[in-house]
Amino acid sequence: MGSMDANPAAAFSAFAADGKAPFQPLNPEDVRAYLHKAVDFISDYYTNIESMPVLPNVKPGYLQNELGASPPTYSAPFDVSMKELRTSVVPGMTHWASPNFFAFFPSTNSAAAIAGDLIASAMNTVGFTWQASPAATEMEVLALDWLAQLLRLPTTFMNRTSSGRGTGGGVILGTTSEAMLVTLVAARDAALRRSGSVGVSGLPRLTVYAADQTHSTFFKACRLAGFDPANIRSIPTGPETDYGLDPAKLLQVMQADVDAGLVPTYICATVGTTSSNAVDPVGAVADVAAMFNAWVHVDAAYAGSACICPEFRHHLDGVERVDSISMSPHKWLLTCLDCTCLYVRDAHRLSDSLETNPEYLKNDATDSGEVTDLKDMQVGVGRRFRGLKLWMVMRTYGTAKLQEHIRSDVAMAKMFEDFVRADDRFEIVVPRNFALVCFRIKANGGMTEEDADEANRVLMDNLNKTGKAYLAHTVVGDRFVLRFAVGSSLQEERHVRSAWELIKKTTSEIMA
């Protein structure tokens, strides 16, 4: 072995005596200088983003070619990183924050959220238990309870009520996928106990249910939770229910499973499906589930934010009878990724399935039963200080401005819908809910439905190639449909109008 291994003390002395200053990754002056430059970059980015092509024109592997395949051995000034960020990274970005981005549900942001996330990253706390960082846990609990009040959720979903600690509770996770997975696991374990299963021997009998419009992540989460793919029921929907889940069909399928000796376990109802923004009837679904003692989860990832406005709250009617609900402020409530808020009516049903209690994490606060250890409501143990940015958004803007933000987006979407209805070349495919418009070039004259599908594909491709707008598509009722989602934090009415003018012009060109 080498001399460094033979005499580590001498090696250390050699490093210390070379005359160079020791490495200080958190040198206060570097922190100040680097962050000032980063903040200037962010401000300039938002100032100039409207003029950037929404979609980049790069090839797979381009970044390795520009920045190198191997890491550097020696340090470089921070300005070098910032220069490469501007010249190589930004040109390869799809600009989700662009006011010309209409493709997917928005990924909203705000000055308050950015500041909160920056501070949380700097503090870098790992709040797996209350004792590991009391303020981080307390902040998350407080922010969740504030949001629950904005949504007018029953107090049974809150961590703390006016009379003390509640039976329910919440946790901030990364994505809806995690919310589905942890509630599926809790529902699975409850169903196994209820059916008298020895261990997991009864798992092949458990069944889960969702409409065919439910996000694909649900079916992925079911497999991860151990459910037999043959027992995952995707219930067909159609225009007669505006593509929402039909409770009568749900009842029929669940009863057939019981008759076959299976155990209905979990139903996922969606408020604002990704494809068409369909809304499943929460109360009616809960009524059906109660007949079989099945867990009901409400996925309100996107549209849940709208329910802070009284005129949209009816979409959650019946929520007091469900077991869990999740919504993602990082979609439409001005809180940057990642921030999915999961509420459960009985927190113990979740923690009983997810709890870990190794010796090195035991402490008096946990043993007292008076605190929430958020590690026991998620898959992992470590966790970020996500509650700070959500609290900062609500504390800085208040309910009134958050409602104004939602209403403004809905009004712009309605304006776009009116534009589409006024042009006889197009049709609205499903009734508009919230701020998503599903539309298409309709089959006119000698054009078949298949011809119209192809025309819509060409329209979308040509629009996106301009860099002036970005739209996505879906398939509804076997037809190719364009999705126009309003909601980028920088969007104004003029951007919607400009997009419509571009759509009309491009349509005229391809149909000439």
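What percentage of the 512 residues of the protein chain count as buried? The share is 49%, where buried means under 20% relative accessible area, exposed over 50% and partly exposed in between (1.4 Å probe, protein chains only).

## Model and conventions

This is a predicted model, in which local features need pLDDT of at least 70 and side-chain atom pairs count only at pLDDT 80 or more, while totals for chains, interfaces and linings use all residues. Residues are numbered from 1 along each chain as its sequence is written, and side-chain values use heavy atoms, with hydrogens and water left out.

## Overall fold

The protein chain holds 17 helices and 13 strands; helices (H or I, at least four residues) and strands (E, at least two) are DSSP runs, numbered from the N terminus. Its radius of gyration is 26 Å, close to the 24 Å that the globule rule gives for 512 residues, so the chain is as compact as a globular protein of that length. The radius is taken over C-alpha atoms, and the rule is 2.2 Å times the number of residues to the power 0.38.

The C-alpha trace spans about 85 × 65 × 50 Å along its principal axes. Of the contacts (heavy atoms within 4.5 Å) with a separation of 6 or more, 73% are between residues 24 or more positions apart.

## Nonpolar cores

A nonpolar core is a set of buried Ala, Val, Leu, Ile, Met, Phe, Trp, Tyr and Cys residues joined through side-chain atoms within 4.5 Å. The largest one has 94 residues, and Leu-147, Phe-439, Phe-484 and Ile-503 have the most contacts inside it. Helix α15 (residues 387-421) gives the most to this core, with 12 residues. Another core, of 34 residues, lies apart from it and includes Val-185, Phe-219, Cys-222 and Leu-350.

Beyond its neighbours within four places in sequence, Leu-147 is in contact with Met-327, Pro-329, Leu-333, Cys-341, Tyr-343, Leu-390 and Met-394.

On a 1 Å grid over the protein atoms alone, a pocket is an open set of points with protein on both sides within 12 Å along at least five of seven lines, a cavity is a set where a 1.4 Å probe fits but cannot get out, and lining residues have an atom within 4 Å of a point. Points are joined across faces, edges and corners, and a volume is the space filled by probe spheres set on them. The largest pocket has a volume of about 870 Å³. Its lining comprises 29 residues, of which Ile-42, Tyr-45, Tyr-46, Asn-109 and Ile-114 lie nearest the centre. At least two lining residues come from each of α3 (28-48), α5 (78-89) and α6 (111-123). By class, 19 are nonpolar, nine polar and one charged; Ala, Val, Leu, Ile, Met, Phe, Trp, Tyr, Cys and Pro count as nonpolar, Asp, Glu, Lys and Arg as charged, and the others, Gly among them, as polar.

Phe-41 is found in helix α3 and counts as buried at 16% relative accessibility. Not counting residues up to four places away in sequence, Phe-41 touches Met-82, Leu-85, Arg-86 and Val-90. Phe-41 and Leu-85 are 44 residues apart in sequence, with their C-alpha atoms 9.7 Å apart.

## Cavities

There are two cavities of 30 Å³ or more. The largest cavity has a volume of about 70 Å³, and its lining divides into three nonpolar, three polar and three charged residues. Helix α7 (residues 134-150) gives the most to that lining, with three residues.

The second largest cavity holds about 30 Å³ of space. Its lining has three nonpolar, two polar and four charged residues, and includes Arg-383, Arg-384 and Arg-386.
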